[in-house]
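Subject: Structure handover

Dear colleague,

Please find the structure below, with notes on what was found in it.

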Amino acid sequence: IAPLPTFPLLINFCMSALGFFAALKLIPAFKDHFISARLYGMDLNKTSKKEIPESQGVISGTVFLIILFCFIPVPFLGCFVEEQCQGFPHNEFVQLIGALLAICCMIFLGFADDVLNLRWRHKLLLPTMASLPLLMVYFTNFGNTVIVVPKPFRALLGLHLDLGILYYVYMGMLAVFCTNAINILAGINGIESGQALFISGSIIVFNLVELSGDFKDDHVFSLYFMIPFFFTTLALFYHNWYPSSVFVGDTFCYFAGMTFAVVGILLHFSKTMLLFFIPQVLNFLYSLPQLFHVVPCPRHRLPRLNPETGKLGMSYSKFKRKDLSKLGDLILKGAEVVRLMEVHRGVEGEDEFIECNNMTLINLVLKVLGPTHERTLTVIMLLIQVLGSMIAFGIRYHLVRLFYDV
């Protein structure tokens, strides 16, 4: 068994720690530059209308890239000493460069989205384009599209199933989901950077647990990405925490999602990685009727501030009854029966109107708890993220026996 590459991991940790302090200083240092470039917004959940710089994910993303660009030769230092090298690991090198290319593309495209304010259909296209280098690296290095069939389906499909091109479609869709799942669970201070921080922390714990397993090299490679990501995101989270002095922007959501997709796809633990996205999956499923406009969807679905109490309550979408399809009406009635939504119906003039709460996990939490202070709401959402990770570990190491031979 090859020894654990302690030296590269130590170098990676030290560089990441330096990156944390660099990002911590750079983010406030560049605030005025972003505001002068008109990359700023107002916090709609505050009574003060202070200009807050947006797209700060580009700073943490840039620091992340600088760390890993400088780190590129470190895992291969042994091959620079001739007697210690039995052959340069070209596959691992290509994997590292391809992963960085995909993340770099995503940061660039995310920043373009922040600047140009692209439409939702473009938000789905951008991660697909940025994932192409990733899929090419997977094709040239591995090319394996065979999956192990879960036990309940083996009588029908057999032990193994070759998905062929569908496996690449799945990986491309995974990259799209990861980037947008963080983006749609947003709207309160600290939630985007916070959820990414806890997901990366969960992946780091998973990697450390698996270092004693058969796929140690894959998990070491994952740590090379996750440790710098954790530290640079921690610096961003510090400034993004309530009351937020910066907004992370779509740049960070794309950057974070693609980083998770990279390690999940290239290192063959995409199913486990998706388990760490349990709150994001629930939010996505709950949001589906509005995301696909079966139920009318406003531009902003963030909670609504009550200036008198200083607390956040549910935000609502109001629309004419005739604008709602039969399917949308059925969904609203079903959600109302199981108390997943609050729906009000009324008449104004000659038109019938329907008002329902926006379908996000944050609004659902507010429906259960009632009006809540923004800081408290963020803490609750992050505790849900931690609970999701605990459930994920329980499924990965215990319930998995029901589906696979381990």
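In the hairpin of strand 8 and strand 9, which residue takes a positive phi? That residue is Gly349, with phi near 70 degrees, and the hairpin has two residues between the strands. Helices (H or I, at least four residues) and strands (E, at least two) are DSSP runs, numbered from the N terminus.

This is a predicted model, in which local features need pLDDT of at least 70 and side-chain atom pairs count only at pLDDT 80 or more, while totals for chains, interfaces and linings use all residues. Residues are numbered from 1 along each chain as its sequence is written, and side-chain values use heavy atoms, with hydrogens and water left out.

Strand 8 and strand 9 run antiparallel and are joined by six bridges; strands count as paired if DSSP finds at least two bridges between them. Gly346 stands opposite Phe353 in strand 9.

Helix 14 packs on this region: its buried residues lie against strand 7 (316-320), strand 8 (343-348) and strand 9 (351-357), where contact means heavy atoms within 4.5 Å. The buried residues of helix 14 are Gly328, Asp329, Leu332 and Ala335. Seen down the axis of helix 14, they fall within an arc of 135 degrees, so they line one face of the helix. The arc is that of the directions from the helix axis to the C-beta atoms. On the face turned away from the buried side, helix 14 carries the exposed residues Lys326, Leu330 and Val337. Buried means under 20% relative accessible area, exposed over 50%, and partly exposed in between (1.4 Å probe, protein chains only).

Helix 14 (residues 326-337) has 12 residues and should span 16 Å at 1.5 Å a residue; its end C-alpha atoms are 17 Å apart, which agrees. The expected span is 1.5 Å times one less than the number of residues. Arg339, which follows helix 14, has a positive phi near 60 degrees.

Helix 4

Just after helix 4, Asn117 takes a positive phi of about 55 degrees.

The whole chain

The protein chain has 16 helices and nine strands. Its radius of gyration is 23 Å, close to the 22 Å that the globule rule gives for 406 residues, so the chain is as compact as a globular protein of that length. The radius is taken over C-alpha atoms, and the rule is 2.2 Å times the number of residues to the power 0.38. Buried residues make up 48% of the 406 residues.

Regards
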